[in-house]
Each structure stands twice: as structure tokens, then as C-alpha cells.
Amino acid sequence: MDLSVIDWSDIWLATWETLVMTGVSLFFTILLGLPLGILLFVTAKRQLLEQGFVYTVLSFVVNVLRSVPFLILLIVMIPVTVILIGTSLGVEGAIPPLVVGTAPFFARLVENVLREVDRGVIEACQAMGIRTSRIIFGALLPEALPGLIAAVTVTAITLMSYAAMSGVIGGGGLGDLAIRFGYQRFQTEVMVITVALLVVLVQIIQYSGDRLVLYFTRK
Amino acid sequence: MIRIENLHKTYRAADGREVAALADIELEIGAGEVFGIIGRSGAGKSTLIRTLNLLERPSAGRVLIDGEDITQLDSEGLYALRRRVGMIFQHFNLLNAKTVADNIDWPLKATGHSNAAERAARVKELLALVGLSEHGHKYPAQLSGGQKQRVGIARALANRPQILLCDEATSALDPETTQSILRLLLDINRQLGLTIVLITHEMQVIRTICDRVAVIDGGRIVESGKVADVFLHPQHPVTRSMVAQSDALAAASFDPAHAYMSDKLRGTLVRLTYIGDVTYQPILSRIMAGAKVQITILQGEVSSIKDVPFGQLLLELEGGEEDIREVFAELDRHQIHHEVLQ
């Protein structure tokens with residue numbers, strides 16, 4: 001393997017782009033997915049604000065979005081992305097499909113994490129005469145914090161691999177580099193380096209996530 | 001203080017049938033009283049106590065607290081009610097992510113007490129009350145079961161409730177810790193004049209702190225009254241079997257038909273029950289000194305129920321019919337209850 005053929009400035013730029021795509025879409029995924037997950041949890045049967053109809057609708061939408069393979073979603077989203085930010089290409093163009101693809105996934109994770117919170121604790125709060133909204137934000141979410149951090153970690157890693165996939169339709173980052181150089185120009189070296197970098201990034205995210213979970217765990 | 005009228009609770013089971021969890025419940029609990037509800041698991045006691053703060057909504061009937069029917073309250077009214085009724089739980093239900101002090105602060109903070117200094121003072125006072133002044137900074141996971149329940153009690157008292165509901169509050173604790181928690185509850189009951197309603201399956205708990213008790217079985221109250229009356233003269237089979245299962249009070253549920261000595265008995269089998277000051281007076285010896293009757297003590301206990309002393313003895317009396325009748329008359333004169341078993 002001849003590493004001298006590699007243009008390192010391209011590699012670092014692509015790494016940076018991958019981090020930006022992952023970071024920005026993670027931000028919007030949490031922004032959309034967290035409320036959605038909370039809503040799924042509280043409207044479910046026998047929960048704080050049981051609303052059968054709302055739950056059924058939300059759950060259906062989440063399932064539909066989750067059943068579309070991400071590669072298809074990337075293509076289907078192109079016109080929407082163009083309307084939203086003017087282009088479907090590059091780093092910006094990849095962000096809308098990334099958010100739409102992972103927010104429902106994250107919402108489900110949030111719902112599951114919240115279900116793990118001891119019912120008795122929520123009941124105790126109700127018995128104290130505390131308003132439901134206050135229970136959600138003052139007790140439920142803090143109790144679920146370690147689980148929520150773990151869910152964010154898993155989502156960040158999923159986003160990173162999706163971000164690489166967006167290279168197929170002209171998104172930026174390491175995936176784009178791997179496809180253009182590693183695949184189309186047969187530069188195996190580029191392919192190896194991109195994969196190695198992705199492995200390192202995923203390790204770092206997982207490790208940091210685990211440390212944070214540990215830090216916030218009081219059990 | 002609390003009145004339950006004609007309360008019913010039915011559930012729809014998975015197969016669509018209606019199951020009655022509570023039926024025809026009538027109860028009256030006085031202010032400042034420690035009232036116990038005892039029953040086996042599945043008897044409906046947990047459902048019953050949870051109707052007192054509407055964690056469980058009754059299907060029919062009324063629950064009156066200070067004359068107000070709480071089943072009619074709107075959501076604001078319900079919030080206000082629940083702040084006047086504290087509750088502690090078998091598994092403590094503390095917030096694991098908050099420190100002990102923050103757990104106690106939480107009901108204050110979350111119900112609109114915005115003055116942080118006042119809250120801090122109240123938390124300090126409550127920590128002292130439950131004997132945890134040194135532990136405010138710890139997390140629940142660092143505490144023992146008994147300490148966790150103390151936090152639960154402090155938290156339940158934060159909003160100065162008039163009523164404290166205890167849902168199997170000592171069932172997850174060892175006997176020694178149970179006693180210390182019960183002592184704390186009794187102290188609180190006396191110091192603050194708090195009305196306590198507790199449910200348990202342990203007779204010992206009722207005996208230690210309750211003034212009155214209701215026995216619940218199959219969703220119905222089968223027997224109720226002063227603790228000494230119910231436990232020393234159990235009427236209903238469920239009460240009898242509960243009394244029989246506790247080592248103490250064996251004489252109360254004594255059944256001559258199943259006793260090992262029944263075939264060896266020659267005389268009359270009598271159960272004596274006495275409650276109050278008479279317990280510590282030498283009445284029995286005085287009566288017997290003058291009587292021409294031989295006595296054998298077969299079984300018995302002299303102890304106290306809450307702070308009421310009592311004694312219960314199973315005696316075999318041998319002597320003439322007339323002499324025995326004379327002894328009975330003397331017993332009656334001293335308000336010692338007797339019951340001929342065989």
C-alpha cells in the first residue's frame with residue numbers, strides 16, 4: 001500500500017465534514033426526536049397523559065419513517081431538501097435526510113429509556129401533588145439521564161454511518177471521499193484510510209458516551 | 001377526618017370479565033388516629049389505601065376528607081389535596097438522580113415554594129426529624145433500606161400534610177429496622193398530630209402502632225375495631241388465621257380440637273383475656289387463693305398492644321362445678337373476660 005498517493009488535506013477536510021454532518025444532524029435529531037420520544041412515552045397506555053389516538057398516530061408515523069431504507073430516504077428527500085436549504089448536495093444537503101432518517105429512531109430509543117424509569121417513582125411524584133409537566137421535566141428526564149445519554153451515543157454512531165452513506169448522492173465527508181477515490185478511482189489506500197478513520201471516530205464517540213453514562217449513574 | 005362510604009372498585013380483567021377489587025367498603029378514621037388495614041396479599045388493601053389520594057379511582061362510592069368528597073375534585077383540587085396527604089411506599093420510590101436533601105426539597109420546589117432559603121431550612125429540619133442530618137449530600141443508592149424509608153418519610157412530610165398514607169412501608173425492611181421506622185412514625189403521629197393510615201400484612205406492625213384496625217379479605221372489610229379487641233377476640237376466620245400465624249397471641253386463636261393436649265384434659269378449658277391496668281395486678285392469685293379450684297396454665301402471653309397492656313391465658317380449671325362458677329363470678333367482677341372453650 002502506497003500512502004504517498006493520498007492527499008491528506010482532502011482526508012482531513014472530509015473528516016471535518018463528517019464531524020459537522022454528524023454533529024449538526026445530531027443536534028436536530030435530538031431537537032425533534034426527544035420531544036417525539038417523550039410524547040410517545042407519556043401518551044402510551046397507562047402512562048401519565050394516556051392518549052390512545054395520539055399515540056397510535058405518532059407510533060405509525062415513526063414506524064413508517066423507520067421502515068424506509070436510508071438509501072431510499074436519501075433519494076426521496078432530495079426535493080424536500082432543495083426546498084428547505086436550496087441544495088441537496090454537499091454537507092448541508094445531507095443534513096435534512098439524516099435528521100429525518102434518525103429522529104424517529106432516536107424517538108423510539110427515548111421512549112424505551114423512559115419506560116425503564118421506575119413507575120413507583122413517577123407515582124410517588126403524583127402522590128405529592130406535582131403537576132404532570134413538572135414530573136416529566138423535573139423527575140422523569142433526570143431519572144432517565146444515563147439512559148438518554150446512551151441513546152444519544154447510539155444515535156450519533158448511526159448518524160455517522162448514515163453520513164458516510166450520503167456520499168452516494170453527493171453528500172460530503174469521508175463517505176464521499178471513499179466513493180469518489182476509493183471506489184471509482186480504485187485507490188484502495190483512500191478506502192482503507194477512510195474506514196480506519198471512521199472506526200476511530202466511532203470508538204471515540206462510544207467511549208465518551210460510556211464515560212458520561214457512568215458519570216451520571218447514581219444507582 | 002376520613003370517611004369512606006360504600007366504596008367499590010371493579011377492574012375489567014384481560015378476558016373481559018369484571019373483577020371486584022373492593023366492595024362495600026365503609027370506614028371512618030379519626031383525626032390523629034393511627035389506623036391499620038391488614039390483609040393477605042391480593043386482599044385489596046393496596047387498592048384501598050390508594051383511593052385515599054386517588055392514585056386509584058373508585059368505581060362507585062365516596063371518599064370524604066374533612067367532609068369534602070375527593071372523588072368530585074377537579075385536577076387543581078386534586079393537586080391541592082395530594083399536597084395535604086403524604087404517602088410512603090414499600091420500595092421507597094426515591095429519585096435516584098437526586099441527593100437525599102434534593103429528594104426532600106423536590107416536593108417543595110415542585111409545588112411552588114420559590115424561596116430557596118426557606119426550603120433549605122425546612123429540608124434541614126426534616127433531615128433532623130428523621131435522624132439523617134449527616135446524610136443530606138448522599139444519593140439514595142448509598143443508603144440502607146431503613147435510611148431510604150426515613151428519606152421517604154421526610155419527603156412525605158415536607159408539605160406539612162395532615163394525613164400520612166403508608167403503603168406496606170416496612171415490608172421490605174428487616175424486623176429491627178421495621179421497629180425503628182414504626183417508632184419514628186409513632187413519634188411523628190404524636191408530635192405533629194398527624195393521622196396515619198397504613199396497610200400491611202404483618203400483625204406485628206398493627207400491634208406496635210395502630211389504635212384501630214380493619215381486616216380486609218376478598219375486597220371486603222370483614223372485621224374492624226380497636227386493635228386489642230380485634231386481635232384478642234378474633235371473630236372472622238381470616239383474622240383468626242392471621243392471629244394464629246403470629247407466634248404471639250397464640251392463645252387468642254387456640255382451637256381445642258387441634259391441640260395436642262386435648263385428650264389429656266380433665267378439667268374445664270378457659271381462655272382469660274384482660275386489658276389495661278388490671279394486667280399488672282395480682283388478681284388471679286387473689287381469686288385462686290380463696291377458691292377450691294386447681295389451675296394449670298397451658299398457654300399465654302402478657303404483653304402490650306401499642307401502649308395498652310394485656311394478658312391472655314389459657315387455663316385448665318379442675319374443681320367442682322359450683323367452685324368454678326364462683327371463680328367465673330370473681331373474674332367478671334374484676335373485668336377479666338373469660339370464655340369456656342371445652
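Guide: Helices (H or I, at least four residues) and strands (E, at least two) are DSSP runs, numbered from the N terminus. This is a predicted model, in which local features need pLDDT of at least 70 and side-chain atom pairs count only at pLDDT 80 or more, while totals for chains, interfaces and linings use all residues. Residues are numbered from 1 along each chain as its sequence is written, and chains are lettered from A and ligands numbered from 1 in the order in which they are written.

Visitor: Which residues of helix α6 of chain A are called buried?

Guide: They are A:V121, A:I122, A:A124, A:C125, A:Q126 and A:A127, within residues 119–127. A residue is buried if 20 or more other C-beta atoms, placed from the backbone, lie within 10 Å of its own, exposed if 12 or fewer, and partly exposed in between. Just after α6(A), A:G129 takes a positive phi of about 80 degrees.

Visitor: Why is B:D187 called exposed?

Guide: B:D187 belongs to helix α6 (residues 175–192) of chain B. There are 12 other C-beta atoms within 10 Å of B:D187, so this residue counts as exposed.

Visitor: What makes B:A117 exposed?

Guide: B:A117 lies in helix α4 (residues 116–129) of chain B. It has 7 C-beta neighbours inside 10 Å and is therefore counted as exposed.

Visitor: How do you know that β1 and β2 of chain B pair?

Guide: Two strands pair if DSSP finds at least two bridges between them. Strand β1 (residues 2–12) and strand β2 (residues 18–29) of chain B have eight, in the antiparallel sense. B:R12 stands opposite B:E18 in β2(B). The two strands form a hairpin with five residues between them, and B:G16 in the turn has a positive phi of about 90 degrees.

Visitor: Why do β12 and β14 of chain B stand at the edges?

Guide: Their open sheet of four strands has the order β12-β13-β11-β14 (chain B), with antiparallel pairing. Each of β12 (294–305) and β14 (337–340) has a single partner strand, so one side of each is left without a neighbour in the sheet. Within this sheet, strands β11 (residues 268–275) and β13 (residues 308–318) are joined by eight bridges; the bridge partner of B:Y274 in β13(B) is B:G311.

Visitor: How many residues of each chain are in contact with the other chain?

Guide: Two residues are in contact if their C-beta atoms, placed from the backbone, lie within 7 Å. By that test, 18 residues of chain B touch 19 residues of chain A. On the chain B side, α2(B) gives the most, with four residues.

Visitor: What makes a set of residues a nonpolar core?

Guide: Such a core is a set of buried Ala, Val, Leu, Ile, Met, Phe, Trp, Tyr and Cys residues joined through C-beta atoms within 7 Å. The largest has 140 residues, and those with the most contacts inside it include A:V110, B:I104 and B:I196. Helix α7(A) gives the most to this core, with 14 residues. Apart from it lies another core, of 10 residues, among them B:L269, B:I287, B:L315 and B:L317.

Visitor: Which residues is B:I196 in contact with, leaving aside its neighbours within four places in sequence?

Guide: B:I196 is in contact with B:V34, B:F35, B:L164, B:C166, B:L185 and B:N189.
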